[in-house]
Amino acid sequence: QDTMAEVVAAGSVSNRLVIFHDASPASKEALQALEAAAEIIGSRAMEYIGVDQANPENADAMYSAGFTSLPHLFITTTTAGIEQFPLAITTENIVSLVKEKIASALEEDEIMPFVDETEFFDLLDDEEDARPILVKFF
């Protein structure tokens, strides 16, 4: 759990999903969807942050930001910045949008074709970069 001030100060320096929530049933359902999506997506591709309205530091800041009803989910990517999550907050929608955002950030020179498992593992061994790797099979 972070405070709203910490989330705002961090800006869009990493890929993150930030959920602003309260104790409502809708927030609990959204948190469960985000937790399930996090298990699928993993922590190398995204950072997951919860901002709870019950924290006194957050309540006034959330109200000032116009959050009159919760939950609100935002996706932050280093390429697109901070965007409000445009879909219903479900596990499937979260996973789908994150995949789309991460894949759309790829440059042509970051795509490395391979034809078999051995070649794939050779490519992994050659990489010094610790960034997430997206693998697409045809």
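Leaving out neighbours within four places in sequence, Ile-41 is in contact (heavy atoms within 4.5 Å) with Met-46, Tyr-48, Ile-94, Val-95 and Val-98. This is a predicted model, in which local features need pLDDT of at least 70 and side-chain atom pairs count only at pLDDT 80 or more, while totals for chains, interfaces and linings use all residues. Residues are numbered from 1 along each chain as its sequence is written, and side-chain values use heavy atoms, with hydrogens and water left out.

**Nonpolar cores**
- A nonpolar core is a set of buried (under 20% relative accessible area, 1.4 Å probe, protein chains only) Ala, Val, Leu, Ile, Met, Phe, Trp, Tyr and Cys residues joined through side-chain atoms within 4.5 Å.
- The largest such core has 16 residues, and Leu-17, Ile-41, Met-46, Leu-73, Ile-94 and Val-98 have the most contacts inside it.
- Two or more residues of this core come from each of β1 (16-21), α2, β3 (72-77) and α4 (91-104), with α2 giving the most, five residues.
- Another core lies apart from it and has eight residues, including Val-18, Val-51, Phe-67 and Leu-70.
- Helices (H or I, at least four residues) and strands (E, at least two) are DSSP runs, numbered from the N terminus.

**Glu-35**
- Helix α2 (residues 25-41) contains Glu-35.
- Glu-35 has a relative accessible area of 52% and therefore counts as exposed (over 50%).
- Between Glu-35 and Tyr-48 the C-alpha to C-alpha distance is 8.8 Å, and they are 13 residues apart in sequence.

**Confidence**
- The protein averages a pLDDT (the predictor's confidence in each residue, from 0 to 100) of 82, and 75% of the residues score at least 70.
- Confidence is lowest in helix α1 (residues 4-10), with a mean of 65, and highest in α2, at 94.
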